[in-house]
There are 2 protein chains.
Amino acid sequence: MNMAEKDTEHCEYMYVHEDVVKKVMDEMPQDEVLYDLAELFKVFGDSTRIKILYALFEAELCVCDMAQLLGLTQTAVSHQLRVLKANKLVKFRREGKNIFYSLSDDHVRSILGQGMEHIREL
Amino acid sequence: MNMAEKDTEHCEYMYVHEDVVKKVMDEMPQDEVLYDLAELFKVFGDSTRIKILYALFEAELCVCDMAQLLGLTQTAVSHQLRVLKANKLVKFRREGKNIFYSLSDDHVRSILGQGMEHIREL
DNA sequence: ATATCATATGAACAGATATTCATACGATAG
DNA sequence: CTATCGTATGAATATCTGTTCATATGATAT
């Protein structure tokens, strides 16, 4: 076998391209970071939460506003806000009986914006 | 009741802030777009797929390379590549028996980059 | 204090999803 | 053309996730 070829290491019954694999391994972020990253995107991967985030693009809203606006139950909205809070995507303030939610920073806009660009090109 | 107050419309037993809700409703993207957007992020919301994408950041790889690199079975990788292909996040070319995958465009990098920035600040 | 409003929370259920196993397909070498 | 390698696919299973229902909490007004 020609040693100049990349195929050197065994992978079950297959051969891997060893040098490339090693290079990639060195550059890969830690597993935990990649896991956290997936968890973050999981939050964006639900249309209810996306709707809530988009609604908050425009204005600060209370739970009932969002429920009415999006045609959802108060409970469903509340559960999803919990997820968004846990991931620091929204912040909130109390005003009497109402709790007003808003976007916590501009990363949300950036991330959603990039996603929008991608689907526009599909 | 003071008409200068925002609370005008009924929502079950609650009142919504009508003017704000209407403003937001006008600005909201179509439901279908938001659904597609959620579907896109759902693709990023899995650590196996994130790992595959990050691996492809660095180099073009065949299925077996990825399986070995990431400690996954060939089948698992193949199933996830199917999802990534369906969402136009990766492209591929055949070279003999191997099929080499690579990132299809720079949106992937942008989206992952924004996500990374967010989790760094948590 | 008590009733009511706005929101949160816990349990239960239904639907979605990732992995595995078995197998099929397409390309190549002999 | 047959065997083998690399990859893809379908079915089955276990886990995860979102919604609903019932109920709890926290704030306000009377």
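**One residue and its surroundings**

Tutor: B:Leu56 counts as buried because its relative accessibility is 3% (buried is under 20% relative accessible area, exposed over 50%, partly exposed in between; 1.4 Å probe, protein chains only). The model is predicted, so local features need pLDDT of at least 70 and side-chain atom pairs pLDDT 80 or more, while totals for chains, interfaces and linings use all residues. Residues are numbered from 1 along each chain as written, chains are lettered from A and ligands numbered from 1 in written order, and side-chain values use heavy atoms, without hydrogens or water.

Start with the position. B:Leu56 sits in helix α3 of chain B (helices are DSSP runs of H or I, at least four residues, and strands runs of E, at least two, numbered from the N terminus). B:Gly45 is 11 residues away along the chain, and its C-alpha atom lies 17 Å from that of B:Leu56.

What does B:Leu56 touch, apart from its neighbours within four places in sequence? It is in contact with B:Leu61, B:Met66, B:Val90, B:Tyr101, B:Ser102 and B:Leu103 (contact means heavy atoms within 4.5 Å).

Helix α3 of chain B covers residues 47–58, and helix α4 of chain B covers residues 63–70. Their axes come within 11 Å and cross at roughly 115°. That makes α3(B) roughly perpendicular to α4(B) (under 35 degrees is roughly parallel, over 145 roughly antiparallel, 65 to 115 roughly perpendicular, the rest oblique). Axes are lines fitted to C-alpha atoms, for helices over the stretch in contact, with angles from 0 to 180 degrees between N-to-C directions. From α3(B), the residues in the contact are B:Lys51, B:Ile52, B:Ala55 and B:Leu56. From α4(B), they are B:Met66, B:Leu69 and B:Leu70.

Now the link between chains. Helix α6 of chain A and helix α6 of chain B each span residues 107–120. Their axes are 9 Å apart, at an angle of about 165°. The two helices are therefore roughly antiparallel. Chain A brings A:His107, A:Ser110, A:Ile111, A:Gln114, A:Gly115, A:Glu117 and A:His118 to this contact. Chain B brings B:His107, B:Ser110, B:Ile111, B:Gln114, B:Gly115, B:Glu117 and B:His118.

A loop also reaches across. A:Asp46 lies between α2 (31–44) and α3 (47–58) of chain A. Beyond its neighbours within four places in sequence, A:Asp46 contacts A:Gln80 and B:Ala38. A:Asp46 is partly exposed because its relative accessible area is 21%. The C-alpha atom of A:Asp46 is 14 Å from that of A:Asn87, 41 residues away along the chain.

Another loop deserves a look. A:Lys88 is found between α5 (74–86) and β4 (90–95) of chain A. Its phi is positive, about 55°, although A:Lys88 is not a glycine. At 49% relative accessible area, A:Lys88 is partly exposed. In chain B, B:Lys88 occupies the loop between α5 (74–86) and β4 (90–95). B:Lys88 has a positive phi of about 55° too, and is not a glycine.

Finally, chain A as a whole. It has 6 helices and 5 strands. From the N terminus, their order is β-β-α-α-α-β-α-α-β-β-α. Chain A has 122 residues, and 45% of them count as buried. Among its contacts with a separation of 6 or more, 45% join residues 24 or more positions apart.
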